[in-house]
Amino acid sequence: MMEPAAKQKVIYITYLIAALDITWLFLQFSITPYLARRLGFDTIWFGYLQTTVGVIQLLGGPIYGRFADVFGARAALSVSCLASVVYFLLLTVADNTFMLFVHKLPAVFMHGLPGAQMVVADLSENEKRADALGKLGLCFGIGMIAGSSLGGTLSTRFGEKFAASFAAVGSFVSLLLVLNFIPKQTKIQTMPESNKKGSSNSVFNVGEITRLMKFPGVAKTFTVKIISGLPAGIFQVMFSIIAMNFFQLKAEQNGYLMAYFGIVQMVIQGAVIGRLTSRFSEYSLLLLSVGISSLVGLAQAMMTNVFHFCLIVIPMMFSLSVFNVITDSMLTKSVSPSETGTMLGLCASVQSLLRTVGPTFGGFLYETYAHITWCTESLNLTHQHDYEK
């Protein structure tokens, strides 16, 4: 058994590792859309690229979670960091369409944030789990700010290859932190109860993964997580295209806007969620987040400029943060401590599913309806000009 002080130290180191992982991820978000456009990608093809990542991580998420339950969180985080190094090295040589798709393949093992969630879930008490997982969102905000700012600045001043190389070195630093500070095993039980009774201990045991869906309340929570998360998922994966085409932002400006998102998320995750979870039930907070998300969707349909969007971001980040933290907390409490890794892997797959469906569907909607909007505005301006003449 680990002492409480030792547990807290590991949790703090895990927060640092998560912040670094998100930093390199958002640095890549500041590179890929502009690199794809330079290689001749239109919105639909960029959607295919994002869908490829979603499919790869959709397949890898549950297996990654099962791997963590069987071999420990340190091994799982090490694999994720090593995959990130390869991912960014491939990005540095992605100078054609084929290589831009190939460099996405290591993403099957890139689950740094779920890996960090596994460590935090293992080392935190049930009643404090939502707050502890919420603090990971604070790390997400820090990483979003640092990564977006770094990515935009480095790619603008030194080029995409230098920015990708910088992220590869950073991922290697994350790997060293994992190997030196994360214990080999963070669970009280090292193996699921079902395995102790003689079932297969294989990472690829699909039955052990799908069995968790039969636990009380799990299937319902997953259904809510998928349906309620789809609109936000579509908007998130299409945001880089919206920033370029609708808001006409350059790479550096896009980085600053993403940094603003990060600041908002930091405040919400660090100062708001913990207080809410200590005062209100998880079910009430879940209803609140879904209700606010619906209002945000209506507001997004009426926004016309960046300033409007910056106002909308505040309730949007609140609803997303509360929704993700509460559903993850509810799901991990639904299973035994020895199976929280697999459950968090399934949670990660929900996000991957949204990224799988979102880009293609979002690309189709954007190409179809944004084009209609632009044509209508152009026609209105032409008529107005003719009338003035």
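In which helix do Tyr 12 and Tyr 15 both lie, and how many residues apart are they? Before I answer, let me say that what we are looking at is a predicted model. Both tyrosines lie in helix 1, and they are three residues apart, which is about one turn of the helix.

By the rule used here, the count of aromatic pairs comes to five, and Tyr 12 with Tyr 15 is one of them, a tilted pair with 6.5 Å from centre to centre and 55 degrees between the planes. With a relative accessibility of 53%, Tyr 12 counts as exposed, whereas Tyr 15, at 13%, counts as buried.

A further pair is that of Trp 24 and Phe 166, whose ring centres are 6.1 Å apart and whose planes stand at 70 degrees, so this pair is edge-to-face. Because Trp 24 belongs to helix 1 and Phe 166 to helix 8, the pair ties together parts that are 142 residues apart in sequence. Trp 24 is buried, at 9% relative accessibility, while Phe 166, at 34%, is partly exposed.

Let me now turn to the nonpolar cores. The largest has 54 residues, and those with the most contacts inside it are Leu 91 and Leu 100. Among the elements that give two or more residues to this core are helix 1 (4-29), helix 4 (73-92) and helix 8 (160-181), and the largest share, 10 residues, comes from helix 1.

If we leave aside neighbours within four places in sequence, Leu 91 is in contact with Gln 28, Ile 31, Leu 35, Leu 100, His 103 and Ala 164. There is also a second, separate core of 29 residues, which includes Phe 26, Met 258, Val 322 and Phe 323.

Definitions and conventions
Residues numbered from 1 in each chain as written. Predicted model: local features only at pLDDT ≥ 70, side-chain atom pairs only at ≥ 80, totals over all residues. Heavy atoms only, no water. Core = buried A, V, L, I, M, F, W, Y, C linked by side-chain atoms within 4.5 Å. Buried < 20%, exposed > 50% of the residue type's maximum accessible area, 1.4 Å probe, protein only. Helix = DSSP H or I, 4+ residues; strand = E, 2+ residues; numbered from the N terminus. Contact = heavy atoms within 4.5 Å. Phe/Tyr/Trp six-rings, centres within 6.5 Å; stacked < 30°, edge-to-face > 60°.
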